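User: I have a model open and want to go through a few spots in it. Can we start once it is on screen?

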Amino acid sequence: MKKCGIYCILLLAAMCLLPHMRALAWTAESYYDEPDELPQAVREALPPKQDFIFGLGNRGTIFVLAGAENDTRKILVFDQVDGNYTLTAESAPLCKWRDSNAGLGSGGKDCIHVIYEDGSAYFSFIRTAEDTWRLAYVEADESFDFAHKGVLRDMYGDRFVYGITQSIELSAVEIENLPITFDQALSFVNTDGWAAVANGAPAKRTCLRAEPFDAAVSYGEYCPGTPVQVFQIDGGWAQVSVFGVEGYMPRDCLALGEDMLGVQRLFLHKTVRAEAIEEGACIYAEPAASADIVRTLAHGDDSLGIIKIVGIVGNDWYHVLYLDDVAGYMKADNFWDGNG
């Protein structure tokens with residue numbers, strides 16, 4: 001099996017919109033209503049001429065909402081480094097949205113919600129590995145996940161596309177120019193070289209083969225909606241990569257570009273057994289117990305939807321996605337049948 005490594009799809013799980021800006025800050029460990037309540041290092045680092053509005057604290061990170069010039073607001077991020085809080089990021093000026101001021105919410109130390117106080121919209125940004133803050137979720141006229149590399153998904157419909165998404169950073173965001181519908185968001189996604197498995201029903205899966213002919217060795221059978229990176233098409237076969245595993249799939253079993261909008265993600269509906277987690281169930285880099293461990297499952301990973309089965313490898317292994325984020329392999333006996 002030819003491996004290019006574990007391929008990751010960044011996808012922020014959907015959250016429910018609540019109308020008041022404090023309501024969405026429910027995960028915060030600390031609230032700061034006055035600047036005097038802030039740690040001294042944060043107070044001293046606050047930029048001059050920015051009026052403190054309130055702050056939220058989560059595990060060594062403090063977010064501050066402050067007034068800025070021209071009736072705008074800013075979000076300041078302070079991280080604890082070597083015991084001291086340091087200003088590590090700040091948003092661009094956040095203008096009003098439909099005559100409502102920007103508010104602040106937090107989904108944890110790595111997630112910021114820019115919430116508009118009339119409840120008409122919020123925009124969620126997640127901290128990246130490069131320590132920037134990238135737009136990942138929009139709740140406005142429509143709701144959708146907006147990932148830098150991976151899936152753009154309509155949260156209340158069946159539409160999705162895979163591709164490379166233009167990164168929108170908190171430090172340079174222009175709220176008035178953000179997409180607020182799924183159709184607008186499509187213009188931010190480059191779908192060139194991406195496809196979804198499209199063969200109609202969960203029971204009819206598509207093989208990833210070692211060579212471009214039907215009798216070639218199969219690396220796995222993949223469900224409709226599985227993301228595929230396409231390198232080239234030659235006749236009736238496409239050379240592809242499925243989460244870093246390279247091989248060939250029939251061209252007529254793939255939906256390319258915006259044709260993906262007509263495909264449903266029909267992954268297998270199975271759930272990890274709680275007993276398997278207690279026994280140390282793992283996600284592996286390859287379909288072998290001797291392979292590197294990508295993740296050891298923890299309590300709560302048996303909840304429906306946490307792990308999605310996108311493919312079947314032989315009789316004993318599933319190709320899985322953990323939280324739509326990390327791909328790997330799990331033993332089939334880790335799952336119970338459910339509705340699969």
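User: Which residues does Lys-331 touch, not counting residues up to four places away in sequence?

Analyst: Lys-331 touches Ala-289, Asp-316 and Trp-317; contact means heavy atoms within 4.5 Å. This is a predicted model, where local features need pLDDT of at least 70, side-chain atom pairs count only at pLDDT 80 or more, and totals for chains, interfaces and linings use all residues. Residues are numbered from 1 along each chain as its sequence is written, and side-chain values use heavy atoms, with hydrogens and water left out.

User: Now Trp-237. What is it in contact with, leaving aside neighbours within four places in sequence?

Analyst: Its contacts include Arg-209, Pro-212, Phe-213, Gln-232 and Tyr-248. The C-alpha atoms of Trp-237 and Pro-212 are 6.0 Å apart, at a sequence separation of 25 residues. Trp-237 belongs to strand β18 and counts as buried, at 16% relative accessibility.

User: Where is Phe-243, and what is its phi?

Analyst: Phe-243 is in the loop between β18 (237-242) and β19 (245-250). Its phi is positive, about 55°, although Phe-243 is not a glycine. Most residues other than glycine have a negative phi. Phe-243 is buried, with a relative accessible area of 4%.

User: And what about the phi of Asp-71?

Analyst: Also positive, near 60°, in a residue other than glycine. Asp-71 lies in the loop between β3 (61-67) and β4 (73-81), and is exposed at 52% relative accessible area.

User: Which sheet order do β3 and β4 fall in?

Analyst: The order is β1-β2-β3-β4-β5, an open sheet of five strands with antiparallel pairing. Two strands pair if DSSP finds at least two bridges between them. The edge strands, each pairing on one side only, are β1 (30-32) and β5 (84-90).

User: How many bridges join β1 to β2?

Analyst: Three, with β2 covering residues 52-58 and running antiparallel to β1. Tyr-31 stands opposite Leu-56 in β2.

Terms used. Helices (H or I, at least four residues) and strands (E, at least two) are DSSP runs, numbered from the N terminus. Buried means under 20% relative accessible area, exposed over 50%, partly exposed in between (1.4 Å probe, protein chains only).
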